[in-house]
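Hi everyone, thanks for coming.

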Amino acid sequence: MKGINFNYRLIQNASCLACLSFLAFTASANAEVKATDPSLTSATKVSVQPDASINSKDSSVVVQATTEVVTPSSSVMRRDLAVPTVNSQTAQTTNVSQLLPQVTTLSKEGDGSRSAGKMAQVTSVSQLSDVKPTDWAFTALQSLVERYGCIAGYPDRTYRGQRAMTRYEFAAGLNACLDKINEIISAGLADKVSKEDLAALQKLQEEFAAELATLRGRVDALEAKTATLEAQQFSTTTKLGGLVFFNLTGASGGNNVKFETGARVGGVPVVGTATKPNLTFSGLAWLTLKTSFTGSDILTTQLAMGNGTSPYNAYNGFPTTFTFFNSTGVPFTDQTAGINSNQVVLRELSYQFPVFEKASLVVGARVNFYKYFDNNRFTLFLNGTSSFNSIDSTLLTNAKRGAGVVFMTPLGQNFDFKIGYLAEDNEFLPGPRSASDPNQGLFGGNNALTAEIGFKPSDNFTLRLLYSRTNLQALFGQVGGVGATPSLPGLADDGVTGAGLSNGQSDVFVANFDWLVTKGFGLFGRYGISSTNLNKTTGGSAGSVTTQAFQFGLAFPDLFKDGALGTLSLVMPYNFTGGRNLLVAGAGDGGVQYDLEAAYSLPITKNITLVPAAYLILNPNNFSSNPSVFVGNLRMQFSF
């Protein structure tokens, strides 16, 4: 590479603003340059450092340097170089070997700031917080900023004058100033540029011709690549993302796990017995299209397909009953995407856009309830707790996905508020669903009006309070079941016939918190209670069922590895404290079920995560006489 031949007479002349300015642009000149020395027979690197005591009004510059001599055999040896001090009145020789530690320190500081962020244009030198009028290059910087506008600062409004720079970086700054001066001349304002500055620029342009050509070549190449990408990309407004899950799952509880079938004989619920399931291996895939038309809105279209029927569902009574299907003991990603295995479904179709100053509105034919309500930093299924019963409240919601609207807005610094109405459009239930069924529509079938207020006094703690008013439509004279209407997780009838109900209404209250106590330890939990009134087909009320649920857990962020998360969770998914006589399935023999879960999310790469999890189910299906069941799950997760 061609070396820099500093014109010391130009530097000596304080009236030459451009030369002084470009020395300022080199940011204390801790720049790596190449010099030509008649006494050297090989390439020499020079580190140039102006004396800190010199200010912008001083006509002298002390040049300090060290060299790296690169021999043909590529071995490197270091020696001290004595460089004359340039002054209009005196001359002296300075040996700079004593200053090597200082130069090294500054170089390290410069390297650390290279990735600090994108530069931001400034219009006044006063906008640069770390540049002071007493700095030696203040006047030069002021001229470059205010006369030519070709100096940029960092996003935090600093200039960082002590950082190191390469010849290419110097050339980039030079190119910016050349462009600005060309603009001034093209605008007929050539008299605004002094002859001295033009002469200095011409010398610098000649000196850095190779670097300028290289930079411009790179820009041309990038522009060509950008044009090719724009011509060949999938869409200018849409991005495609995906999640793929592999699940290896087993459950061990023997052949004597009892469940209620959902029928009555002589007014008494019929009890069945499950057989031990086999080990399964399944897959689930979500493909998501995110489209933005304005930059502040987003249209979400998500397709899903899966083939998992998790082993514990056998202990839940499947396929005899669907009362607790895909709840207890089932990893969230070990599922089908719809009623049938390997069936492609439209999982989400919604549009979010800003309203007012800070609020936003979500509307859609298939809005995902759990995306907006009852969130918790430690129970997100992607890296936190992993089962259906542990990732959300077991009492929310009858409209897992549905047609409707969600409104979200912050309330001051520490609060936020959300409210939404969704008419159920559950992909796991047969036939036309409530929202798209003209016999039920937006207000006649299963639906939920939900409000949430969040309190976040700090980044480490959040408390959420939710209320949901839900309508439950009867199916074959029965109301409830986790898969259809979680606000009544058991299956209810009139208490006599095994049917006889037309609908029901639930009031659900849920409290939810997460607390990062220290960097490596957190707490989380939920408590919920619901009261469901049941209406007979013959008119009048059959009575009500009261259900409560809670969760408490421990979290261990960055456990053994940055980005990992370990969780321990205890869940009481559904304890029926009132109206047991109305349950044809779910009440068991009066026992209370508990789910103990341990999960560990281990990132292997940026896009691959391994998640082992284990569940211990005590008193399954609320039968105290049932044996405990152990579930093991190993999930491989891919994101792109």
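A definition before we start: on a 1 Å grid over the protein atoms alone, a cavity is a set of points where a 1.4 Å probe fits but cannot get out, and its lining residues have an atom within 4 Å of a point. Grid points are joined across faces, edges and corners, and a volume is the space filled by probe spheres set on the points.

Now the ground rules. This is a predicted model, where local features need pLDDT of at least 70 and side-chain atom pairs count only at pLDDT 80 or more, while totals for chains, interfaces and linings use all residues. Residues are numbered from 1 along each chain as its sequence is written, and side-chain values use heavy atoms, with hydrogens and water left out.

By that cavity definition, the second largest cavity has a volume of about 60 Å³. Among its lining residues are Phe259, Glu260, Asn316 and Phe623. The largest cavity holds about 70 Å³, and its lining includes Asp392, Arg526, Tyr527 and Phe550.

On to the cores. A nonpolar core is a set of buried Ala, Val, Leu, Ile, Met, Phe, Trp, Tyr and Cys residues joined through side-chain atoms within 4.5 Å. Buried means under 20% relative accessible area, exposed over 50%, and partly exposed in between, with a 1.4 Å probe and protein chains only. The largest core has 26 residues, and Val131, Tyr148, Leu174 and Phe208 have the most contacts inside it. Helix 5 gives the most to this core, with 7 residues. Apart from it lies another core of 17 residues, Leu395 and Met408 among them.

Last, the rings. Phe, Tyr and Trp rings (six-membered for Trp) pair if their centres lie within 6.5 Å; planes under 30 degrees apart are stacked, over 60 edge-to-face, the rest tilted. The whole structure has 25 such pairs. Phe245 and Phe381 sit 6.2 Å apart with planes at 55°, so they are tilted. The two are 136 residues apart in the chain. Phe245, at 0% relative accessibility, counts as buried, and Phe381, at 12%, does too. Tyr467 and Phe509 are also tilted, at 5.0 Å and 45°.

Over to you for questions!

Methods:
Helices (H or I, at least four residues) and strands (E, at least two) are DSSP runs, numbered from the N terminus. On a 1 Å grid over the protein atoms alone, a cavity is a set of points where a 1.4 Å probe fits but cannot get out, and a pocket is an open set with protein on both sides within 12 Å along at least five of seven lines; lining residues have an atom within 4 Å of a point.
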